[in-house]
Amino acid sequence: MTQGKKKKIDLTGVPYYPYFKEIIIHHTATPSEKKYDVEWCRALHLGKGWSDIGYHLYVEADGSISMGRPLHKRGAHCSGRNMMSFGIAFVGGLKDGEPTNTLTPKQREALVACIAELRKLTGKELPVYSHRDFKATFCPGFDASKEDWTPKKDVRTRNPKRVRKTDPGAVS
Ligand SMILES: [Zn+2]
């Protein structure tokens, strides 16, 4: 996919590290603000001497999705699991300086889209975990493994109001 911010994501044909078998969700441990965009995070991680941003996908405060580290490279997001996990981070996790679940509905929708695309790409029902399943951390502020990440698209196709029939008089 091309660089840039979008609400949807298409990972069709994107090369990925073949041993990735799970997804780990993170927050950035920042307030949920626009300034903490993917380039902010990349600079932060490069500043630690890392080769690139630690996460593969990055959901910004407004729910837009950005590519982080290429999917065919091991990330740097969860010690001991980087060789087997895609890492997705969303901006947030702090409110008034306190660790909080700050995930917004738009960000949740973006996470659903990211997870669905990674599952489609790999052809596997990749399980979803929280960073805190593997480390003593608050991150990401909720139990990602207990959430239902199934996209709601089935509802749309079943809803007859959303099915557009061709106007019989229309010229096609
Ligand atoms: Zn984390």
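## Helix H1 and its cover

In this predicted model, the buried residues of helix H1 are covered by elements that include strands S2 and S3. Helix H1 spans residues 38–47, and within this stretch Val 38, Cys 41 and His 45 are buried. Viewed down the axis of H1, these buried residues fall within an arc of 65°, so they line one face of the helix.

The face of H1 that is turned away from the buried side carries the exposed residues Glu 39, Ala 43, Leu 46 and Gly 47. After H1 comes Gly 49, which has a positive phi, near 90°.

## Overall organisation

The protein contains three helices and seven strands, and from the N terminus on these elements follow the order β-α-β-β-β-β-β-α-β-α. Of its 172 residues, 34% are buried. Among the contacts with a separation of 6 or more, 66% are accounted for by residues 24 or more positions apart.

## The five-stranded sheet

Five of the strands form an open sheet with mixed pairing, in the order S3-S2-S4-S1-S7. Its edge strands are S3, at residues 65–67, and S7, each of which pairs on one side only. On average, and with direction ignored, neighbouring strands of this sheet are turned by 25° against each other.

How many of the six residues of S4 are buried? Six of the six are, so S4 is largely enclosed by the rest of the structure. In a regular strand the side chains alternate between the two faces of the sheet. In S4, both faces are covered, with Ser 85, Gly 87 and Ala 89 buried on one side and Phe 86, Ile 88 and Phe 90 buried on the other.

Helix H2, residues 105–122, lies across S1, S2 (57–59), S3, S4 and S7, and runs at about 165° to S4.

Leaving aside its neighbours within four places in sequence, Phe 142 is in contact with Asn 101 and Leu 103. The C-alpha atoms of Phe 142 and Asn 101 are separated by 6.2 Å, although these residues are 41 positions apart along the chain.

Is Phe 142 buried, exposed or partly exposed? The residue has 17 other C-beta atoms within 10 Å, and because a residue counts as buried at 20 or more and as exposed at 12 or fewer, Phe 142 is classed as partly exposed.

Technical notes
Residues are numbered from 1 along each chain as its sequence is written. This is a predicted model: local features need pLDDT of at least 70, side-chain atom pairs count only at pLDDT 80 or more; totals for chains, interfaces and linings use all residues. Helices (H or I, at least four residues) and strands (E, at least two) are DSSP runs, numbered from the N terminus. Two residues are in contact if their C-beta atoms, placed from the backbone, lie within 7 Å. Two strands pair if DSSP finds at least two bridges between them. Axes are lines fitted to C-alpha atoms, for helices over the stretch in contact, and angles run from 0 to 180 degrees between N-to-C directions. The arc is that of the directions from the helix axis to the C-beta atoms.
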